[in-house]
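Welcome, and thanks for taking a look at this fold with us. Below is a friendly walk through its helices, their contacts and a few individual residues.

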Amino acid sequence: MSAYFVTAIGTDIGKTYASAALLRAAMQAGHSVSAVKPVMSGFGEAVLAESDAGQLLIAMGQPVTPQTVSEICLHRFEPPLAPNVAMRRAGMQQDYDQILAFARASIPNDPNAFHLIEGAGGLMSPVTDTKLHSDFILDLGIPVILVAAGYLGAVSHTLTALSWLRTQRVPVKALIVSQSSAEAEPPEHLLREVGLWSSVRSAPLPYGAGATEVWKLFSV
């Protein structure tokens with residue numbers, strides 16, 4: 001096992017849904033698990049259990065409190081804004097090095113551990129006014145889990161993300177096509193279309209089905 005950075009082809013794709021499913025699967029397989037969400041927006045203090053960090057904590061079997069959320073989330077903002085915009089509007093210094101150090105320090109030394117660092121938004125979403133999540137991925141230097149979801153344009157967005165990762169020689173551990181709600185498009189169509197153009201290891205994560213197929217990509 002190892003540490004992985006979870007990114008996506010866009011916003012509201014299902015990163016946290018996929019991350020939580022993977023954490024549960026890793027625990028069931030006997031691995032120690034951990035996860036961080038360095039920057040999070042769109043959730044107030046009254047709904048922390050519904051937040052991305054809250055869902056990661058629940059998946060790990062940990063309580064959701066302001067303290068436990070702070071332990072895995074360096075910065076959190078209530079307005080649903082990109083991290084750089086949220087920090088700018090809050091009058092906060094945009095310290096990219098601090099965010100990077102927080103993420104690096106979270107990576108365990110345990111070779112049996114399964115650790116996730118979940119980004120905010122998509123692959124090219126800003127972290128600060130001077131750094132994108134793509135920079136974050138390169139600076140961390142760990143393999144990526146790319147999460148996609150079916151919608152008009154998803155094939156192009158997925159192939160574009162995979163192309164950039166390949167060009168930058170970033171290892172892609174898995175492409176997960178997530179169906180994070182019952183109303184979302186099932187994953188099979190996007191998997192089939194992307195498979196015409198890419199040989200990346202991929203698996204579906206249907207709504208309510210668990211991570212059985214996805215976990216096979218990590219258990220070999």
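## Helices α1 and α2

The axes of α1 and helix α2 (residues 52–59) come within 9 Å and cross at roughly 15°. That makes α1 roughly parallel to α2, and α1 passes α2 in a right-handed crossing. On the α1 side, T16, S19, A20, L23, R24 and M27 take part, and they meet D52, Q55, L56, I58 and A59 in α2. By class, the residues of this contact divide into six nonpolar, three polar and two charged.

Before going further, a word on the source: this is a predicted model, in which local features need pLDDT of at least 70 and side-chain atom pairs count only at pLDDT 80 or more, while totals for chains, interfaces and linings use all residues. Residues are numbered from 1 along each chain as its sequence is written, and side-chain values use heavy atoms, with hydrogens and water left out.

## How the terms are used

Helices (H or I, at least four residues) and strands (E, at least two) are DSSP runs, numbered from the N terminus. Axes are lines fitted to C-alpha atoms, for helices over the stretch in contact, and angles run from 0 to 180 degrees between N-to-C directions. Angles under 35 degrees count as roughly parallel, over 145 as roughly antiparallel, 65 to 115 as roughly perpendicular and the rest as oblique. A crossing is right-handed if the near helix is turned clockwise from the far one by less than a right angle, and left-handed if anticlockwise.

Contact means heavy atoms within 4.5 Å. Ala, Val, Leu, Ile, Met, Phe, Trp, Tyr, Cys and Pro count as nonpolar, Asp, Glu, Lys and Arg as charged, and the others, Gly among them, as polar.

## Helices α5 and α6

Look next at α5 and α6, whose axes come within 11 Å and cross at roughly 50°. That makes α5 oblique to α6, and the crossing is right-handed. Here Y96, I99, L100, A103 and R104 of α5 meet D135, F136, D139 and L140 of α6. This contact has six nonpolar, no polar and three charged residues.

Which residues of α5 are buried? They are Y96, I99, L100, F102, A103 and S106, where buried means under 20% relative accessible area, exposed over 50% and partly exposed in between (1.4 Å probe, protein chains only). Seen down the axis of α5, its buried residues fall within an arc of 155°, so they line one face of the helix; the arc is that of the directions from the helix axis to the C-beta atoms. The face of α5 turned away from this buried side carries the exposed residues D97 and A105.

## The buried side of α6

In α6 (residues 133–140), the buried residues are H133, S134, F136, I137 and L140. They cover an arc of only 155° around the axis, which puts them on the same side of α6. An α-helix has 3.6 residues a turn, so residues three or four places apart point the same way.

What covers the buried residues of α6? The cover includes β1 (3–8), α5 (96–106), β5 (114–118), β6 (144–148) and α7 (154–167). After α6 comes G141, with a positive phi near 70°.

## Helices α7 and α8

α7 packs with helix α8 (residues 188–195) at an angle of about 50°, with their axes 10 Å apart. The two helices are therefore oblique to each other, and α7 passes α8 in a right-handed crossing. A154, V155, T158, L159 and L162 in α7 meet L190, E193 and V194 in α8. The residues of this contact divide into six nonpolar, one polar and one charged.

## Two loop residues with positive phi

Most residues other than glycine have a negative phi, and most peptide bonds are trans. D12, however, has a positive phi near 60°. D12 is in the loop between β1 and α1 (15–28) and is exposed, with a relative accessible area of 76%. R169 also has a positive phi near 60°; R169 is in the loop between α7 and β7 (172–178) and is exposed at 75% relative accessible area.

A25 lies in helix α1 and is buried, with a relative accessible area of 11%. Not counting residues up to four places away in sequence, A25 touches A211 and W215.

F77 lies in strand β4 (residues 75–77) and counts as buried at 9% relative accessibility. Leaving aside neighbours within four places in sequence, F77 is in contact with V39, M40, S41, G42, F43, A86, M87, A90 and M92. A25 and F77 are 52 residues apart in sequence and 29 Å apart in space, C-alpha to C-alpha.
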